Amino acid sequence: MGFLGMDVLSIQHLSRQLTKQSSEVSAAVARIESLVDQVPWIGNDRDRFAQTWGVELAPKLRRAADLLREAAGEAQRGANEQERASGS
């Protein structure tokens, strides 16, 4: 018979990795924002890019980071519930 149930250690590892990736996305957004602010670029194209970045792209990436953090929490909760149910 195959494996049935949850490998708690694997799910806990998954949770940690999701949290790590969330932090990396958030850090990338901050680095890009800094670069956008510092790049020597003047004109309409720069203004359009900065607008698109600030209004559309950066918020989507922040939301992705939030969703990764939420997924990490869900995975950890599932692992905790499995441990309680198993009496471990």
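S15 is buried, at a relative accessible area of 6% (buried means under 20%, exposed over 50%, and partly exposed in between, using a 1.4 Å probe and protein chains only). This is a predicted model, where local features need pLDDT of at least 70 and side-chain atom pairs count only at pLDDT 80 or more, while totals for chains, interfaces and linings use all residues. Residues are numbered from 1 along each chain as its sequence is written, and side-chain values use heavy atoms, with hydrogens and water left out.

Back to the serine. S15 sits in helix 1 (helices are DSSP runs of H or I with at least four residues, numbered from the N terminus). A polar atom of the S15 side chain lies 2.8 Å from the backbone oxygen of A72. S22 is also found in helix 1, and its side chain makes a polar contact with the side chain of R69 at 2.6 Å (that is, a pair of N or O atoms within 3.5 Å; within protein, one must be able to donate a hydrogen and the other to accept it, and residues adjacent in sequence count only if both atoms are side-chain atoms).

Here is how some residues score for accessibility:

| Residue | Relative accessibility | Class |
|---|---|---|
| S15 | 6% | buried |
| S22 | 0% | buried |
| N80 | 27% | partly exposed |
| W41 | 37% | partly exposed |
| F49 | 37% | partly exposed |

Now for the helices themselves. Helix 1 covers residues 8–38 and helix 2 covers residues 44–86; they pack at about 165°, with axes 8 Å apart (axes are lines fitted to C-alpha atoms over the stretch in contact, and angles run from 0 to 180 degrees between N-to-C directions). That makes the two helices roughly antiparallel, a label for angles over 145 degrees. Their contact has 18 nonpolar, 8 polar and 6 charged residues (Asp, Glu, Lys and Arg count as charged; Ala, Val, Leu, Ile, Met, Phe, Trp, Tyr, Cys and Pro as nonpolar; the others, Gly among them, as polar).

N80 belongs to helix 2. Its C-alpha atom is 8.8 Å from that of Q12, although N80 and Q12 are 68 residues apart along the chain.

What about aromatics? Searching the whole structure turns up 1 aromatic pair. The ring centres of W41 and F49 are 5.8 Å apart and their planes meet at 35°, so the pair is tilted (rings of Phe, Tyr and Trp, the last by its six-membered ring, pair if their centres lie within 6.5 Å; planes under 30 degrees apart are stacked, over 60 edge-to-face, and the rest tilted).

Methods:
Angles under 35 degrees count as roughly parallel, over 145 as roughly antiparallel, 65 to 115 as roughly perpendicular and the rest as oblique.
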